[in-house]
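Dear colleague,

Please find the structure below, together with its sequence. My notes on what was found in it follow.

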Amino acid sequence: MTDLQNPTTKFHTGGFPLQQQEQPGLTGATSPRPDHGEDSYEGTGKLQGKRALITGGDSGIGRAVAIAFAREGADVAISFLPEEQDDAEDTAALVRAAGRSAVLLAGDIRNEQHCIDIVEHTTAQLGGLDILVLNAAYQENRNGLETLSTQEFDRVFKTNLYATLWIARAAIPHLTPGSSIITTTSIQATNPSPELIDYAMTKAALVAFTQALAQQLGSTGVRVNAVAPGPIWTPLIPATSWPEKLPTFGQDTPLGRAGQPAELASAYVYLASPDSSYTSGAVLPVTGGRGF
């Protein structure tokens, strides 16, 4: 008999303690520590021999994806900010423990040349590129549009959108039939919070980017899809300057709790693997029951 698990209680229930971090947020300072699937994800060889580049792969959703990809048989390159070096080293250790290669690529993806370089370093060190996960993002609490500076607006758009375009553009010449591009959009794309207005704008744009690029690359055999997370407990959340929201974070979903990074990993594996060979231009919501 199958041992069913109740999704409302499978992971941390209830809210989160008051805490505040500086951007970009670090795993060790996040309480409780997010679950990335370190002790639970078991691979079955779905990505054996593949080469993947994951932006924002040091922590949160990116770390969960890196762990899952490695345990499914993929070598993994991880892009991250220099301030996240310790988190990146920890993720690389988990990838290597699965018997796969890990490449660490520190730098700021708001720089166009760095975006080009991480693709070139990945292909050079892993021998090619089969899976591109465009996951890195920046968000910050906004107390009204009138308080949003152009500098902060630029930071959000360059991290979430410009870098997506620059990295994908550099990667496309390396991709062959069967390759996969996966973006991380958000429930914010269709159900935006006013305090995340600029972030929500970028996530809506990523849906259009994903669907348009899927049409462009379809005839080449390269698939393009997106995952749309709901409220997920990652270091980005306590670094978003809204400590008053933490005690109720994720409580308004139909499942009644926030999600953990581990709960998204299988979505990325599916979209990267041959199991989704007829899936392109799709947005896969992982939202705790919220409509997308």
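**Overall architecture**

The protein chain exposes about 12,200 Å², of which carbon and sulfur atoms supply 51%; accessible areas come from the Shrake-Rupley method with a 1.4 Å probe, and for residues only the protein chains shown count as cover. Please note that this is a predicted model, in which local features need pLDDT of at least 70 and side-chain atom pairs count only at pLDDT 80 or more, while totals for chains, interfaces and linings use all residues. Residues are numbered from 1 along each chain as its sequence is written, and side-chain values use heavy atoms, with hydrogens and water left out.

The protein chain has 6 helices and 7 strands, and along the sequence these follow the pattern β-α-β-α-β-α-β-α-β-α-β-α-β. Helices (H or I, at least four residues) and strands (E, at least two) are DSSP runs, numbered from the N terminus.

The radius of gyration of the protein chain is 18 Å, which agrees with the value near 19 Å that a compact globule of 292 residues would have. This radius is taken over C-alpha atoms, and the globule rule is 2.2 Å times the number of residues to the power 0.38. Along the principal axes, the C-alpha atoms fill a box of roughly 55 × 45 × 35 Å. Of the 292 residues, 54% are buried; buried means under 20% relative accessible area, exposed over 50%, and partly exposed in between (1.4 Å probe, protein chains only). Among contacts (heavy atoms within 4.5 Å) with a separation of 6 or more, 78% are between residues 24 or more positions apart.

**The cavity**

The structure holds 1 cavity of 30 Å³ or more, and about 30 Å³ of space lies in the largest cavity. A cavity is a set of points, on a 1 Å grid over the protein atoms alone, where a 1.4 Å probe fits but cannot get out; lining residues have an atom within 4 Å of a point. Grid points are joined across faces, edges and corners, and a volume is the space filled by probe spheres set on the points.

The lining consists of Thr-55, Ile-109, Leu-134, Ala-136, Thr-159, Ala-163, Thr-164 and Ile-167. Helix α4 (residues 150-171) gives the most to this lining, with 4 residues. By class, the lining has 5 nonpolar, 3 polar and no charged residues (Ala, Val, Leu, Ile, Met, Phe, Trp, Tyr, Cys and Pro count as nonpolar, Asp, Glu, Lys and Arg as charged, and the others, Gly among them, as polar).

Asp-87 is found in helix α2 (residues 85-97) and counts as buried because its relative accessibility is 5%. Leaving out residues up to four places away in sequence, Asp-87 touches Gly-25, Leu-26, Thr-27, Gly-28, Asp-58, Ser-59 and Arg-63.

Thr-91 is also found in helix α2, and is buried at 0% relative accessibility. Beyond its neighbours within four places in sequence, Thr-91 is in contact with Gly-57, Asp-58, Ser-59, Arg-63, Ala-66 and Ile-78.

**Backbone geometry**

Most residues other than glycine have a negative phi, and most peptide bonds are trans. A cis peptide bond joins Gln-23 and Pro-24, with omega about 10 degrees, and the bond from Ser-31 to Pro-32 is cis, with omega near -5 degrees.

Ser-241, a residue other than glycine, has a positive phi near 60 degrees. Ser-241 is found in the loop between β6 (223-229) and α6 (265-272), and is partly exposed, with a relative accessible area of 33%.

With kind regards

How values were computed: On a 1 Å grid over the protein atoms alone, a cavity is a set of points where a 1.4 Å probe fits but cannot get out, and a pocket is an open set with protein on both sides within 12 Å along at least five of seven lines; lining residues have an atom within 4 Å of a point.
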